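Here is a short briefing for a first look. Please view the sequence and the structure, then read the points below.

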Amino acid sequence: MSATETTQSTDTGTATTATGTDTAPAAWSADPYADALRAGRGPLFLRRTDGWLLPLDVERWCARADAADLSALHRCEGAVLDVGCGPGRLVAALAARGRRALGIDVSAAAVERTLRLGGTALHRSVFDPLPGEGRWGTVLLVDGNIGIGGDPAGLLRRAGGLLTHGGLVIAETAPVDIDERVHVRVDDGRRPSPGAAGSHFPWARLGTPALLRYGRALGWLPVDQWEAAGRPFVALRRSTARVTRQSAEHANSAAVTSSQRARNPSDDRAAYGS
């Protein structure tokens, strides 16, 4: 589940108030997205409320991990959590190399395809309780998934709670300097059907400068920046001081979250590999 930026970007998107939660599961489970994943091809878009279309690179997502993908995977440390794993090419590539990896996605079709490729995946939002919280070595936010929830700062905070001390976030950013909040819906490019407005959800698009600004404000330090096949990536690691302070906050937050949602412990242990 992700978006690929193009040079067709604009700064006139509808402004939204970030909620810090992923409100899009139903939208990403809609027929256009599921159908595209099952077929392995588009057309598929994110349609903004003003009608502008952002193309989604379904064919690349459904192919094997390419050289640009591998440039990110080679930098992964420890157990890897792929947030918005889509049809699972990255999880499958890591598994084939003997790496412990879990994909999560709000689309059942994406999870099904990941499992068929030999990867491990759960049908969950990044904001749901997840296995191995506080123990992941790397959180992947590839294919524009830094935009999940329309709140990059909130997503980075959530990633901090998922990672072990000193863990990495590896994010793919937009190839233009942009910092945009929008409402979008998954669309196959056809005329919107009646009632489709209810499926809009918040999304964000960030270039590297914007991501670095958000990261630094939260104590994330850039440890690597690179570009592969025109796709820019950033690796971030939290500073030691910030990790120490946030560890107590995460413990309190995790206790509250676990009291509000039921887990399936056996499923979580199997997914994390412990």
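The side chain of Ser-71 reaches the backbone oxygen of Ala-68 at 2.5 Å. This is a predicted model: local features need pLDDT of at least 70, side-chain atom pairs count only at pLDDT 80 or more, and totals for chains, interfaces and linings use all residues. Residues are numbered from 1 along each chain as its sequence is written, and side-chain values use heavy atoms, with hydrogens and water left out.

- Ser-71 lies in helix H4, residues 67-73 (helices, H or I, are DSSP runs of at least four residues, numbered from the N terminus).
- Ser-71 counts as buried because its relative accessibility is 12% (buried means under 20% relative accessible area, with a 1.4 Å probe and protein chains only).
- The side chains of Ser-71 and Trp-226 are joined by a polar contact of 2.9 Å (a pair of N or O atoms within 3.5 Å; within protein, one must be able to donate a hydrogen and the other to accept it, and residues adjacent in sequence count only if both atoms are side-chain atoms).
- Leaving aside residues up to four places away in sequence, Ser-71 touches Trp-226, Ala-228 and Phe-233 (contact means heavy atoms within 4.5 Å).

**Aromatic rings**

- The whole structure holds two aromatic pairs (rings of Phe, Tyr and Trp, its six-membered ring, with centres within 6.5 Å; planes under 30 degrees apart count as stacked, over 60 as edge-to-face and the rest as tilted).
- Phe-201 and Trp-203 are edge-to-face, at 6.2 Å centre to centre and 80° between the planes.
- Trp-226 and Phe-233 are stacked, because their ring centres are 5.2 Å apart and their planes at 10°.
- Both Trp-226 and Phe-233 are buried.

Definitions and conventions:
Helix = DSSP H or I, 4+ residues; strand = E, 2+ residues; numbered from the N terminus. Buried < 20%, exposed > 50% of the residue type's maximum accessible area, 1.4 Å probe, protein only.
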